[in-house]
Protein chains: 2
Amino acid sequence: MLLFGNKLFTAGCLTLACCSYVSTAAALEALPAQPPIPKDNPMTPAKIELGKQLFLDPRLSVDGTVSCNSCHNVMSSGTDNRAVSVGVSGQKGGRSAPTVWNAAFLTAQFWDGRAATLEDQAKGPILNPIEMGMPNPELAVQRLKAIPGYQKQFADVFGGADPITYDNIAKAIATYERTLITPDSAFDRYMHGDKKALSETAQRGMKLVEEVGCTSCHNGPVFAGPSTLAMGQGFFQKFPTFAGSKYDATYGLMLDEGRATTTKKIEDKNMWRVPTWRNVALTAPYFHNGSVKTLDEAVRVMAKTQLNKELKDEQVKDIVAFLDSLTGKFPAQTLPMLPDLVNDSLLVGEASTAKK
Amino acid sequence: MLLFGNKLFTAGCLTLACCSYVSTAAALEALPAQPPIPKDNPMTPAKIELGKQLFLDPRLSVDGTVSCNSCHNVMSSGTDNRAVSVGVSGQKGGRSAPTVWNAAFLTAQFWDGRAATLEDQAKGPILNPIEMGMPNPELAVQRLKAIPGYQKQFADVFGGADPITYDNIAKAIATYERTLITPDSAFDRYMHGDKKALSETAQRGMKLVEEVGCTSCHNGPVFAGPSTLAMGQGFFQKFPTFAGSKYDATYGLMLDEGRATTTKKIEDKNMWRVPTWRNVALTAPYFHNGSVKTLDEAVRVMAKTQLNKELKDEQVKDIVAFLDSLTGKFPAQTLPMLPDLVNDSLLVGEASTAKK
């Protein structure tokens, strides 16, 4: 209870831009073996497999070219490593794709926290006109209903008279995403007692992130806030907290109003869900607009904009070494085979625009 | 030798639009266990794994959004099941993506046969401005050279002072593609002695494709022409051979001049590499322009345009049942992890075009 209160206090403190250093010695946590599993969407092997197929299936986009995996690549960092993502018809999104790895531990989804759960999140991009571009949920459902292999799998997994529903599509995808966990980073091994797992540089960095104050926000199992918050509550911070540095203009930090774009509340202007540090070494470019190319620079920007501190090069190096120690082990996965429509086409009416 | 002569004769005959039926009793062949392997690019497990990573890596496209797999999906039919494919910036290609499954058996690559080998083929789409859009081979090489995991793998696989070359990228991809073989279809089991593997309908269809004359061209291990041809020679046919049917206009069959677009020879006008029948049930829509939605209709169109025959519905049904028996077993594959750049971005200068 004390821990819970302490963390809430920390969050509240920073929300008010209070910059006094609060001890977060208890904030560093190894990755739990499992993320929270909602009672109404239990994990089963068949549901995980179905979710993996859906996650990798471009037929969930209007023209069959974009899958969840296009922007959240599970063969890599769980992102597309682009500043902003590209959806159907070459359209570019407004924000940088957050990693899907360990997203199951976050207490709100999307950069602005507008989805409470992975299930809610999964329903968004399919219908977003500049992402997967489906005009309505019914068309997504209709697509899958045409495919015998999906008919069978949804019936087996969900049962009932009408197993292929938009809700069940989201449930299967979210279930798969709850398997996308990367344990056993050097940091985790260190926390479990292997004191040689971290280099001296990384150990100095670990001390620094606490002393400098980074872990006031970047705490909890994925360094994105305490897991004791209710799912959906989210953990947000103003970025920049200390406006006025050169970085605001250099990286366009205030051009996007963040959480206020979804809540329409003035107090949410430039508020963002605190992103995870896990695998952050692999997810460049950085921040909601993907404007910062390297992790070194991202660390400098954060120290200045969030804590009003200028770090020395040596400090940046140590902190980056610690952040690098948070790259976990990616689970071995089989390549799914997507169920096919036989002797017929799902996607019609597409004509070439190439010159003959 | 007789077999070889007989097949060459068959091909030559049809090239001249000779429509007399030539016996192709020897033309039906089970899928060999292995495709031809070029002497200068032997298969090794490490090269296959590297090739798989490259095949699935969108960083081989200029903006990091399109991989070989985007259009030749190895989680599915080896195509994108679209009329024409979508490359970088939402650009649409001029021809329908042929399947990569069993492409290793073809004696020429691309619809117009302009590449002699899989190695040659792999070099094309990366540099095609409407496909993967790399401005030159050097940028592709430079991208991979920046990634430590690729540096190590190319050195291990190819050795030498400068292992990451455009030629070696193509060699690795081609090596992976030679593993994309789908044996053990119902037809193959039938050919290996299991006479119950084919339904009566499919067996009637098998007789029909010979009697009607389809196998004059669709013969050999993948029903795309004899494997006795030299690699690079290719096996071509005029489409439509019998011009003037309603299908020419309905499906725009003559709008693309086919092989003549690459050879610039008048005699190659509307000549096309004969496509494989293997897994044809899964690769709708059909033909070089993806204009035909169903396999039934594709069979009708081919009988009319290539053999000047009108098939009865029952015959179409039988032939489609036979074609359906050519869907093979897809090998289990692991999902590769693509080597990452650490703490830095490969793709820069991309700004959002979304409204704020």
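This is a predicted model: local features need pLDDT of at least 70, side-chain atom pairs count only at pLDDT 80 or more; totals for chains, interfaces and linings use all residues.
Among the contacts in chain A with a separation of 6 or more, 70% are accounted for by residues 24 or more positions apart. A residue pair separated along the chain is given by A:Leu229 and A:Leu106, which stand 123 residues apart in sequence, while their C-alpha atoms are separated by 9.5 Å. A:Leu229 is placed in the loop that runs between α9 (200-212) and β1 (236-238) of chain A, and, because its relative accessibility is 7% and thus under 20%, A:Leu229 counts as buried.

Turning to helix packing, helix α2 (residues 45-55) and helix α6 (residues 148-158) of chain A pack at an angle of about 145°, and their axes lie 9 Å apart. The crossing in which α2(A) passes α6(A) is left-handed. On the side of α2(A), the contact is made by A:Ala46, A:Lys47, A:Glu49, A:Leu50, A:Gln53 and A:Leu54, which meet A:Tyr150, A:Gln153, A:Phe154, A:Val157 and A:Phe158 of α6(A). By residue class, the contact of α2(A) with α6(A) comprises seven nonpolar, two polar and two charged residues.

Aromatic pairs were counted over all chains, and the count comes to 24. One of these pairs is formed by B:Tyr150 and B:Phe154, whose ring centres are 6.2 Å apart and whose planes stand at 65°; since this angle is over 60 degrees, the pair is therefore classed as edge-to-face. Both B:Tyr150 and B:Phe154 belong to helix α6 (residues 148-158) of chain B, where they are four residues apart, or about one turn of the helix. B:Tyr150 counts as buried because its relative accessibility is 0%, and B:Phe154 likewise counts as buried because its relative accessibility is 0%. In chain A, one aromatic cluster is formed by A:Phe187, A:Phe223, A:Trp277 and A:Phe322.

Arginine side chains placed over aromatic rings occur in both chain A and chain B. In chain A, A:Arg259 lies over the face of A:Phe236, at 4.0 Å from the ring centre. In chain B, the charged end of B:Arg114 sits over the ring of B:Phe110, at 3.7 Å from the centre of that ring.

Definitions and conventions: Residues are numbered from 1 along each chain as its sequence is written. Chains are lettered from A and ligands numbered from 1 in the order in which they are written. Side-chain values use heavy atoms; hydrogens and water are left out. Axes are lines fitted to C-alpha atoms, for helices over the stretch in contact, and angles run from 0 to 180 degrees between N-to-C directions. Helices (H or I, at least four residues) and strands (E, at least two) are DSSP runs, numbered from the N terminus. A crossing is left-handed if the near helix is turned anticlockwise from the far one by less than a right angle, and right-handed if clockwise. Contact means heavy atoms within 4.5 Å. Ala, Val, Leu, Ile, Met, Phe, Trp, Tyr, Cys and Pro count as nonpolar, Asp, Glu, Lys and Arg as charged, and the others, Gly among them, as polar. Rings of Phe, Tyr and Trp (its six-membered ring) pair if their centres lie within 6.5 Å; planes under 30 degrees apart count as stacked, over 60 as edge-to-face and the rest as tilted. Buried means under 20% relative accessible area, exposed over 50%, partly exposed in between (1.4 Å probe, protein chains only). A charge sits over a ring if NZ of Lys or CZ of Arg is within 6 Å of the ring centre and within 35 degrees of the ring normal.
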